[in-house]
Amino acid sequence: PRQPAKTLWYDRPRYVYLEFCVEDSTDVQVTIEDQRLMFSCKNADGVEFYNEINLYARVNSKDSREKRSDRSITCFMRKWKEKVAWPRITKENIKPAWLSVDFDNWRDWEGDEEVERAMVEQYAEV
């Protein structure tokens, strides 16, 4: 049986970030559409994970990426409307038990665009 992966998210002026917390993931599949994201993978024990999120607002699926590490899979999705804050990641005003705000990365936006640009460039290099 599939189960949802623990997921953290945070908002920035140009991008929304999602981190699926699965260690030693294999068979990673990420599909980013304009208003929906689908994620699936397996972990080292063969447990299947699947998350589907109807996004709060539209993203530019062509300028969105994911990066896999040993500990997680991070997706960053380019917002269609930049500098518009997302109060939540989901279209529906409900919070699934597996979804949390990543408070370690949540910041006020003042002067944050340079930091965000550096983060995106860092992901793109991998």
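This text is a guided tour of the structure, one selection at a time.

**The whole chain**

Please begin with the entire protein in view, bearing in mind that it is a predicted model. The protein has 8 strands and 1 helix. Followed along the sequence, these elements come in the order β-β-β-β-β-β-β-β-α. Of the 126 residues in the protein, 39% are buried.

**Strand 1 and the cysteines**

Select Thr7, which belongs to strand 1, the run of residues 7-11. Is Thr7 buried or exposed? Thr7 has a relative accessible area of 0%, so it counts as buried. Thr7 and Cys21 are separated by 14 residues in sequence, and their C-alpha atoms are 6.0 Å apart in space. Cys21 is partly exposed, at a relative accessible area of 28%.

Next, select Cys75. Cys75 is buried, its relative accessible area being 0%. How many disulfides does the model contain? The count comes to 0 disulfides.

**The salt bridge of Arg14 and Glu82**

The tour now turns to charged pairs; the model holds 9 salt bridges. Select Arg14 and Glu82, which form one of these, with 3.2 Å between the closest N and O atoms. Arg14 is in the loop between strand 1 and strand 2 (15-20), whereas Glu82 is in the loop between strand 7 (73-79) and strand 8 (99-101), so the pair ties together parts that are 68 residues apart in sequence. Arg14 is buried, with a relative accessible area of 19%, because buried means under 20%. Glu82 is partly exposed, at 32% relative accessibility.

**The salt bridge of Asp34 and Arg58**

Move on to Asp34 and Arg58. Asp34 forms a salt bridge with Arg58, and the closest N and O atoms are 3.6 Å apart. Which parts of the chain does the pair tie together? Asp34 lies in the loop between strand 3 (26-32) and strand 4, and Arg58 lies in the loop between strand 5 and strand 6 (59-68), so parts that are 24 residues apart in sequence are tied together. Asp34 is partly exposed, at 30% relative accessibility. Arg58 is also partly exposed, with a relative accessible area of 36%.

Glu52 is partly exposed, with a relative accessible area of 35%, and Arg36 is partly exposed at 25% relative accessibility.

**A negative patch on the surface**

Now show the surface and select Glu23, Asp24, Asp45 and Asp70. These residues form a negative surface patch. Within the patch, centre the view on Asp45. Asp45 is in the loop that runs between strand 4 (36-42) and strand 5 (48-54). Asp45 is exposed, with a relative accessible area of 70%.

The next two selections concern the backbone. Most residues other than glycine have a negative phi. Select Asp27, a residue other than glycine whose phi is positive, near 50°. Asp27 is located in strand 3. At 53% relative accessibility, Asp27 counts as exposed.

Then select Lys83. What is the phi of Lys83? Lys83 has a positive phi of about 60°, although it is not a glycine. Lys83 is found in the loop between strand 7 and strand 8, and it is exposed, with a relative accessible area of 52%.

**Ile89, the last stop**

Remain in the loop between strand 7 and strand 8, where Ile89 is also found. Is Ile89 buried or exposed? Ile89 is buried, with a relative accessible area of 1%. From C-alpha to C-alpha, Ile89 and Val101 are 9.1 Å apart in space, and they are 12 residues apart in sequence.

Note on methods:
Residues are numbered from 1 along each chain as its sequence is written. This is a predicted model: local features need pLDDT of at least 70, side-chain atom pairs count only at pLDDT 80 or more; totals for chains, interfaces and linings use all residues. Side-chain values use heavy atoms; hydrogens and water are left out. Patches are made of residues with over 30% relative accessible area and no salt bridge: like charges are joined within 9 Å, nonpolar side chains (Val, Leu, Ile, Met, Phe, Trp, Tyr) within 5 Å. Accessible areas come from the Shrake-Rupley method with a 1.4 Å probe; for residues, only the protein chains shown count as cover. A salt bridge is a side-chain nitrogen of Lys or Arg within 4 Å of a carboxyl oxygen of Asp or Glu. Lys and Arg count as positive and Asp and Glu as negative; His and the chain ends are not counted. The place of a charge is taken as NZ of Lys, CZ of Arg, CG of Asp or CD of Glu. Helices (H or I, at least four residues) and strands (E, at least two) are DSSP runs, numbered from the N terminus. Buried means under 20% relative accessible area, exposed over 50%, partly exposed in between (1.4 Å probe, protein chains only). A disulfide is a pair of cysteine sulfur atoms within 2.5 Å.
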